[in-house]
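Visitor: I would like to learn how to read a protein model by its features. Could you walk me through one?

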Amino acid sequence: MNEIKMVDLGGQYLKIKEEVDREIKKVIDTTAFINGKIVKEFQNNLDIYMGEGVHTTTCGNGTDALQIALMALGLKPGDEVIVPAFTYVASAEVIALLGLKPVMVDVDEKTFNISIEEMKKALSEKTKAIIPVHLFGQSADMEPILKFAKEHNLYVIEDNAQAIGAYYTFSDGRKMKTGTMGTIGCTSFFPSKNLGCFGDGGAIFCRDEKLAERIHMIANHGQKVKYHHTVIGCNSRLDSIQAAVLKVKLEHLDEYCKARHDAAQYYTEGLKGTEDIVTPFEAENSTHVYHQYTLKVKNGRRDELKEYLATKGIPSMIYYPLALQEQEAFKGITRSCGELETARECARSVLSIPMHTELTKETMDYIIESIKDWKR
């Protein structure tokens, strides 16, 4: 058996090598490395993919996308932004970076996404926005989030870095892609993402044309016309070579999402009934594109399983080993709603196993049997 990888970017590249190399060569031949024609082509294609009425602004990375989104909304220092306590640091980091206050709330024990009830408890007179994170590839429960936001005049910034390509279904049957339901949606094109480039990259989605124009200006030094700076902005651009890679990969994104979902179903069926192992939960109102396939390991045995898998040549990762309220960087600058016990428990029990588009049944069978052998 070949070396088992958490993510097989090389194998994925070989299948589209001719297309990718051709598009990269075009960029090199034209030497339009910044804001080249290919960037606009990719943005337009992404507009179409995300759905009618969506305006896309590409940027340097997913963290920049979140920061630019908050800047565009004109929030003031001291304003509060609700964020789940179990997520990657960027979701809360950008809040603090802008002098806003992160308000950390607990998550749902099944989906790992923001708890609706805890979100409601976190409301204060200073609350201005909510950042729901579509963690591991499954949408947060957006219908009640949007209803709550509308009732209290709050902005909703979707962190869609791990779930691009997923759909959420509303109670009236409407389906919308994650990243297009809130005030603004943000995503990352980090290489390991479901839609990943060969470096850093990100994008911001918005249905409000005027707000989208402001977002675009902020990402480009606050200018609409060159050297005429209307607002304070930053320099965050998707370079042309990354756009070339993404333009090709976008055509395969639905295929990639299906491959990940199929692999997840194979894992789940194979691990059914395994003691101390809880396989991922799929909510009825969201598809799951499995950026990660994340187990919960009961009875404090997560680290034991991780070490055992390593002896079998199977990589695994802990996303994330600390809940945000436990991170040193946030001490003294945040407000926590409640005890955040679920977030803390998730950080101590989750373990992600290999998940990518090139997984074979042979590899998955070996991983499944290794986990079962650990239990024996």
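This is a predicted model: local features need pLDDT of at least 70, side-chain atom pairs count only at pLDDT 80 or more; totals for chains, interfaces and linings use all residues.

Visitor: Which strands does β5 pair with, and in what sense?

Guide: Strand β4 (residues 127-130) pairs with β5 in the parallel sense, over 2 bridges. Within that pairing, Ile130 stands opposite Val156 of β5. To get from β4 to β5 the chain passes through helix α6 (residues 142-151), and this β-α-β crossover is right-handed. Strand β8 (residues 184-188) also pairs with β5 in the parallel sense, over 3 bridges. There, Asp159 has Cys186 in β8 as its bridge partner.

Visitor: Is β5 mostly covered or mostly open?

Guide: Mostly covered: of the 5 residues in β5 (residues 155-159), 4 are buried.

Visitor: Take Ile157. Which residues is Ile157 in contact with, leaving aside its neighbours within four places in sequence?

Guide: They are Leu66, Ala69, Leu70, Leu73, Ala129, Ile130, Ile131, Pro132, Ile184 and Cys186.

Visitor: How would I read a helix in the same way? Which residues of α11 are buried, and what covers them?

Guide: In helix α11 (residues 341-349) the buried residues are Ala343, Cys346, Ala347 and Ser349. Their cover includes β13 (293-297), α10 (302-311) and β15 (350-353).

Visitor: Now the charged side chains. How many salt bridges does the structure hold?

Guide: Side chains of opposite charge can pair when their charged atoms come close. This structure holds 21 salt bridges. One of them joins the side chains of Lys258 and Asp262, at 2.7 Å from N to O.

Visitor: Why are Lys258 and Asp262 separated by about one helical turn?

Guide: An α-helix has 3.6 residues a turn, so residues three or four places apart point the same way. Lys258 and Asp262 are separated by about one helical turn because they are 4 residues apart in helix α9 (residues 253-271). Lys258 is exposed, at 52% relative accessibility, whereas Asp262 is partly exposed, at 38%.

Visitor: Which salt bridge links distant parts of the chain?

Guide: Look at Glu358 and Lys15, whose side chains meet at 2.9 Å, N to O. Glu358 is in the loop between β15 and α12 (361-375) and Lys15 is in helix α1 (residues 9-30), so the pair links parts of the chain 343 residues apart. Glu358 is buried, with a relative accessible area of 15%, while Lys15 is exposed, at 62%.

Visitor: Which residues are linked in a network of salt bridges?

Guide: Glu326, Glu341, Arg344 and Arg348 are. Within this group, the closest N and O atoms of Arg344 and Glu326 are 3.6 Å apart. Arg344 is partly exposed at 23% relative accessibility, and Glu326 is buried at 19%.

Visitor: Last, the cysteines. How many disulfides are there?

Guide: A disulfide is a covalent bond between the sulfur atoms of two cysteines. The count here comes to 0 disulfides, with a cut-off of 2.5 Å between the sulfur atoms. For Cys186, the closest cysteine sulfur is that of Cys59, and at 7.6 Å this is too far for a bond. Cys186 is buried, with a relative accessible area of 1%. Cys257 is in no disulfide either, as the nearest cysteine sulfur, in Cys197, is 16 Å away. Cys257 also counts as buried, at 7% relative accessibility.

Methods:
Residues are numbered from 1 along each chain as its sequence is written. Side-chain values use heavy atoms; hydrogens and water are left out. Buried means under 20% relative accessible area, exposed over 50%, partly exposed in between (1.4 Å probe, protein chains only). Contact means heavy atoms within 4.5 Å. A salt bridge is a side-chain nitrogen of Lys or Arg within 4 Å of a carboxyl oxygen of Asp or Glu. Two strands pair if DSSP finds at least two bridges between them. A crossover is right-handed if, with the strands pointing away from the viewer, the path from the first strand over the helix to the second runs clockwise.
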